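Hi,

Here is the structure I said I would pass on. Have a look at it first, and my notes on the contact between the chains follow below.

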Amino acid sequence: MEDLKLIKGNEAVALAAIRSGCDGYFGYPITPQSEILETLMELRPWETTGMVVLQAESEVASINMVYGGASTGKRVMTSSSSPGISLMAEGISYIAGAGLPCLIVNVQRGGPGLGTIQPSQADYWQAVKGGAHGDFRMIVLAPASVQEMYDFVFDGFDLAFKYRVPVMMLSDGIIGQMMEKVAMGRERPRWSADELGDWCVGVGKNNIITSLELDPQVMEGRNLALQRTYNEIEDNEVRYEEVNTDDAEYVIVAFGSSARIASEAVELARRDGMKVGLLRPITLWPFPYKRLRQLAGSVKRFLVAELNAGQMVEDVRLAVDGCVPVDHCGRMGGMIFSPEDIYEQLKGHGKGI
Amino acid sequence: MEKVYSKPRLLTDAVMHYCPGCSHGTIHKIVAEVIAELGIESSTIGVSPVGCSVFAYKYIDIDWIQAAHGRACAVASAVKRLEPEKMVFTYQGDGDLSAIGTGETIHACNRGENIAVIYVNNAIYGMTGGQMAPTTLVGMKTSTSPGGREVNIHGYPFKVADMVAQLEGVCYVTRQSVHTPASVRKAKKAIRLAFENALAGKGLSFVEVVSSCNSGWKMSPVGANEWMEQNMFPFYKLGDIKV
């Protein structure tokens, strides 16, 4: 029988970490994601799989522990929420610059500043536009269910090691805190010593992990190599989900928790005979520009529903390139829109008001 | 003829970027010798800082990780936890360890990570051009304390070694120098003991090496050593602090 569990999104991340062969988790408590560290400490995986779990003194220390851990070629991760991710910015840039794989989970809360502990999607720009110094990218996976918070730990590690880049799971306080049924079918062991790569420290090759290079020609070469990797990711790893877009005259674009609310707005609209579809980007970077551009040929209008002041809407406008109007529906500060809110906005726009 | 001295085999042929008279070259040499003598070159992972010794990885032929400014002890903590059989050490200056990296250093010490920390204290930021560090002596002139360090503005010189010696996770703290042949031999013994402690899982060992920075101090190499003996040693007293 399938292994089903009713758990919170944050607990799903902790269970997935242990079951995905993760070697090390380094984190610091912050609401609304502390259940990840709490669950790991409760389960004591160092006694079963040998996974290291360490509560650091700060998010700055956490991400630098991830940098060190990733340098050993092993599967390592951290998790935090918005202010904590800001503290990790420098470390994430180092990880990208040194070509290291890792998984970073951001269970977003409202900002700016200390903001609120209530959910938000206001870290979209930070996640997909770099979020720290230098030209670099992270693959960003946006889960819309507890199941996806479980699965994206596996997918995140796979992508991180396929391209040797940092991968971020951009969740939020809704998905992190809510309970849902999760199929826990996927499971794999930690890598053995001879399964590790030959580029890391600890494998007897006298390897050097660094992001530093003072010769500008060599440094530009390293940058170009990174950009080639990013191009390859853009070609191969775009993921999105569509609902009712075949005949749609209006398309709502929404990610993560917003996509769940938007899918109900689609149902409300369809009940009234309005041809509305939903496109849910699953990878926020690479972003589904091409598919949105295609849809712009047949759609009258897009509505981007996101729990922020208007961030992903800029990428949708880039994709659509002025062909059709792109509107925004947002709430901030921990407030959440209802399906009716989105539908009303859509109707208003649909009527050309 | 009997060969009485040779370059340590783990020192690479790369030309060191250090200024003539700098202590880093000597400290690199004794670290390389200790690793070779312990026969652990294939299982030693060094963590280099941001500062003059950022390029330590070019000079000693082992595994290296270059850490963000101040974060070497956090990086080393994770490496040691994931690779408990390996020898893991950090090599940091006073700008890196005693200023921006205070938090990571104290908490690695307090957790009793089984690593060695080599802390090169020359009381100044060398690489960025001689700015005041937390370790800069009272009255000492730097580019950011051009009239000399003033206590009422900048506070007091920071004795990190004395502070971390209070922490239970730390098994060995010593303050050494490398300005004479005798002091080099003592410093090497201290670094060897620190490495042995880490390998034996005794906790964190902290070896401070009080050093000169003649270019940052704007002195000749010999003059800098004399100034160090007269001014640094009375404040940063040499010897074991915790054994």
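Predicted model: local features only at pLDDT ≥ 70, side-chain atom pairs only at ≥ 80, totals over all residues.

**Where chain B meets chain A**

Two salt bridges are counted between chain B and chain A.

As for which parts of chain B do the touching, strand 2 (63-66), helix 2 (72-82) and helix 4 (102-111) each put in at least two residues on the side facing chain A. Helix 2 of chain B gives the largest share of that side, with seven residues. Sorted by class, the side of chain B that touches chain A comes out as 15 nonpolar, six polar and 10 charged residues.

On the overall numbers, 32 residues of chain A and 31 residues of chain B take part in the contact. Putting the two chains together buries about 2,400 Å², and 62% of that comes from carbon and sulfur atoms.

Strand 9 of chain A (residues 208-209) runs parallel to strand 2 of chain B, and the two pair over two bridges. If you want a residue to start from, A:Ile208 has B:Trp64 in strand 2 of chain B as its bridge partner.

Cheers

Terms used: Residues numbered from 1 in each chain as written. Chains lettered and ligands numbered in written order. Heavy atoms only, no water. Contact = heavy atoms within 4.5 Å. Buried area = accessible area lost by both parts, 1.4 Å probe. Salt bridge = Lys/Arg side-chain N within 4 Å of Asp/Glu carboxyl O. Helix = DSSP H or I, 4+ residues; strand = E, 2+ residues; numbered from the N terminus. Nonpolar A, V, L, I, M, F, W, Y, C, P; charged D, E, K, R; others polar. Pairing = 2+ DSSP bridges.
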